[in-house]
Amino acid sequence: MPTRPPTRCTSCRQLRTPGGRCGCRRSSQRQAAETRAEWSWVYADPRWPLLRDQVLSEEPLCRAQCGRPPGVVDHIRPHRGDEWLAFDRTNLQALCKPCHDAKTARETGFAGAGARRLTAAEVTLVCGPPCSGKTTYVGEHAERGDLVVDWDALAQALGSPHPHDHPRALVPFVAEARDAVVARLERRHDVARVWIIATAPRASDRARLAPEGARVVLLATDEDECVRRARQDGRPAGTIEAVETWWRTYRADQTAPPR
């Protein structure tokens with residue numbers, strides 16, 4: 001059976017291998033590996049294992065909200081050898097390996113994203129405790145054609161039978177669907193306005209979820225009012241505890257000393 005003749009790379013003019021590799025691609029991969037090696041001192045520093053253990057003990061679930069236990073401590077903003085970013089607790093989050101790998105792929109330009117080409121769009125992150133009115137707020141302000149990224153709506157679209165109480169098996173798929181939609185904003189699109197709904201009690205959570213230049217609307221509805229709404233609406237078991245946890249986390253984040 002005849003084989004397809006090798007093609008020549010238009011950049012380096014070398015013949016590509018059967019796997020499609022060429023000289024410039026190997027060179028860029030080698031350069032990336034050498035650059036990462038320059039940053040490896042961070043993980044050999046005696047401060048890192050202590051900080052890693054602290055993050056994993058404080059965050060028992062993956063911060064991407066997939067429901068899995070974390071195994072990786074991730075830098076929200078890549079440190080690239082910067083000591084302040086590398087050891088700043090507010091720049092760290094616990095992720096499971098699949099969510100961490102997906103985030104790394106997006107940051108390095110793989111997973112189909114290519115170069116960053118964020119089309120100008122008005123992005124608003126609406127956050128607050130459960131029953132704070134986030135979905136109602138977006139419903140009152142969003143217009144026809146706006147993109148709305150809503151965890152509960154995605155869960156129902158993927159098969160959840162309840163508007164708020166979602167089967168645990170669906171959680172990883174909902175998280176990946178949400179992240180894929182947000183990542184898609186980095187490529188060319190025609191959406192004028194975007195609304196992202198999340199709880200995000202910490203400032204670092206809001207920084208991670210909101211694209212650069214996004215507007216953040218924090219609906220810090222009183223804890224007692226959120227609990228009253230949860231009971232009135234017949235929300236699933238665990239909602240009141242989630243409200244209390246949000247407020248506990250939010251208050252601790254507000255009073256934490258700057259790092």
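**Packing, cysteines and salt bridges**

Arginine 47 counts as partly exposed, at 38% relative accessibility. In these terms buried is under 20% relative accessible area, exposed is over 50%, and partly exposed is in between, with a 1.4 Å probe and protein chains only. Before going on, the provenance: this is a predicted model, where local features need pLDDT of at least 70 and side-chain atom pairs count only at pLDDT 80 or more, while totals for chains, interfaces and linings use all residues. Residues are numbered from 1 along each chain as its sequence is written, and side-chain values use heavy atoms, with hydrogens and water left out.

Back to arginine 47. Its side chain meets that of glutamate 83 in a salt bridge, 2.8 Å from N to O; a salt bridge here is a side-chain nitrogen of Lys or Arg within 4 Å of a carboxyl oxygen of Asp or Glu. Glutamate 83 lies in helix H4 (residues 83-87) and arginine 47 in helix H3 (residues 47-58), so the pair ties together parts 36 residues apart in sequence. Helices (H or I, at least four residues) and strands (E, at least two) are DSSP runs, numbered from the N terminus. Glutamate 83 is also partly exposed, at 42%.

The whole structure has 15 salt bridges. Another one joins glutamate 59 and arginine 63, at 2.5 Å, N to O, and both of those residues are buried.

Now the packing. Which residues touch the most other members of the largest nonpolar core? Among its 24 residues, they are Cys62, Cys66, Cys99, Leu125, Val174 and Ile196. Such a core is a set of buried Ala, Val, Leu, Ile, Met, Phe, Trp, Tyr and Cys residues joined through side-chain atoms within 4.5 Å. A second, separate core of 9 residues includes Trp48, Leu51, Val55 and Val73.

Next, helix H6, residues 134-141. Its buried residues are Lys134, Tyr137 and Val138. Viewed down the H6 axis, they fall within an arc of 95°, so they line one face of the helix; the arc is taken over the directions from the helix axis to the C-beta atoms. Gly139 and Glu140, on the other side of H6, are exposed.

Last, the cysteines. How many disulfides does the structure hold? There are 0, counting a pair of cysteine sulfur atoms within 2.5 Å as a disulfide. The sulfur of cysteine 131 is 6.4 Å from the closest cysteine sulfur, in cysteine 226, which is too far for a bond. Cysteine 131 is buried at 7% relative accessibility, and cysteine 127 is buried at 0%.
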